[in-house]
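Reader: I want to learn to read a model like this one. Please take me through it feature by feature.

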Amino acid sequence: MKLALFVSGTGSNARVIIDRFRAHPEDGVEVVLLVSNKATAGALLMAAERDVPTLVLDREEFYGGTTLLNDLARFGVDFIALAGFLWLVPAYLVAAFPQRIVNIHPALLPAYGGKGMYGERVHRAVKANGEAESGITIHYVNEHYDEGDTLFQAAVRLEEHDTPAEIAALVLRLEHANYWRVLKKLAESEKILST
Ligand code: GRF
């Protein structure tokens with residue numbers, strides 16, 4: 001599987017994924033490109049330090065279509081993983097990669113998902129509602145925020161005194177432990193399907 005990671009920020013998930021698959025080529029996942037919609041995203045530096053090619057998108061390129069598809073083809077990308085990518089994925093991209101785009105969301109969808117529900121906002125809302133648990137959802141991407149079919153969920157118990165920042169840290173740990181595993185499984189099932 002030739003994977004492109006799409007990011008908007010720090011890229012700690014992207015870092016874990018790049019480092020995992022670099023160290024374990026037998027997993028069958030190669031990160032061939034990191035795409036950011038923000039020129040200032042820390043993830044760009046992280047990827048450059050690891051010699052992963054990077055691409056910065058502007059809105060027109062992303063929603064206009066053809067240049068991005070050409071770039072993805074140029075790098076041989078056949079699967080996309082969003083890792084903290086904040087723009088809504090347009091229909092042409094979903095159509096070009098059917099069931100081949102996944103996202104990670106820092107909550108147990110369908111709760112705490114949808115437009116505007118990202119980052120700290122999610123964890124503040126979880127805290128405000130006094131939830132006893134939160135977690136992560138890895139799902140296929142369609143043209144609606146956080147609505148594609150769920151592939152994987154993992155939960156973590158919360159204590160009453162946990163702050164939103166502490167909840168964020170617990171959830172991020174779950175993300176780091178699981179996103180690469182799901183990508184590895186997807187790569188394995190592709191291999192089975194193509195043999
Ligand atoms: C993660 O919590 C992800 O679920 C959310 O944005 C955060 C990205 O963190 N969509 P990082 O950039 O991977 O550190």
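Author: Start with a loop. Asp51 sits in the loop between α2 and β3 (54-56). Helices (H or I, at least four residues) and strands (E, at least two) are DSSP runs, numbered from the N terminus. The model is predicted: local features need pLDDT of at least 70, side-chain atom pairs count only at pLDDT 80 or more, and totals for chains, interfaces and linings use all residues. Residue numbers start from 1 along each chain as its sequence is written.

Reader: What is the phi of Asp51 near?

Author: First the general idea. Most residues other than glycine have a negative phi, and most peptide bonds are trans. Asp51 has a phi near 60°, a positive value in a residue other than glycine.

Reader: Is the peptide bond from Leu109 to Pro110 cis or trans?

Author: That bond is cis, with omega near 10°. Pro110 lies in the loop between β5 and α6 (120-128).

Reader: Now helix packing. At what angle do α1 and α2 pack?

Author: Axes are lines fitted to C-alpha atoms, for helices over the stretch in contact, and angles run from 0 to 180 degrees between N-to-C directions. Angles under 35 degrees count as roughly parallel, over 145 as roughly antiparallel, 65 to 115 as roughly perpendicular and the rest as oblique. Here α1 and α2 (residues 42-49) pack at about 15°, with their axes 9 Å apart. So α1 is roughly parallel to α2.

Reader: Which residues of α1 and α2 meet?

Author: Contact requires C-beta atoms, placed from the backbone, within 7 Å. Ala14, Arg15 and Ile18 in α1 meet Ala43, Met46 and Ala47 in α2. These contact residues divide into 5 nonpolar, no polar and 1 charged. Nonpolar covers Ala, Val, Leu, Ile, Met, Phe, Trp, Tyr, Cys and Pro; charged covers Asp, Glu, Lys and Arg; the others, Gly among them, are polar.

Reader: How many residues surround the ligand?

Author: A residue counts if its C-beta atom, placed from the backbone, lies within 6 Å of the molecule. The ligand has 16 around it; the closest are Thr10, Ser12, Asn13, Gly84 and Pro106. The elements giving two or more residues to this shell are α1 (12-23), β5 (101-105) and α7 (164-194). α1 gives the most, with 3 residues. By class, the shell has 7 nonpolar, 8 polar and 1 charged residues.

Reader: Which residues does the UniProt annotation "transmembrane region" cover?

Author: UniProt positions use the numbering here, feature names are shortened, and annotations may be inferred rather than shown by experiment. That annotation, from an unreviewed entry, covers residues 79-97. In the model, this span is 32% helix and 21% strand, and its end C-alpha atoms lie 7 Å apart.

Terms used
Contact = placed C-beta atoms within 7 Å.
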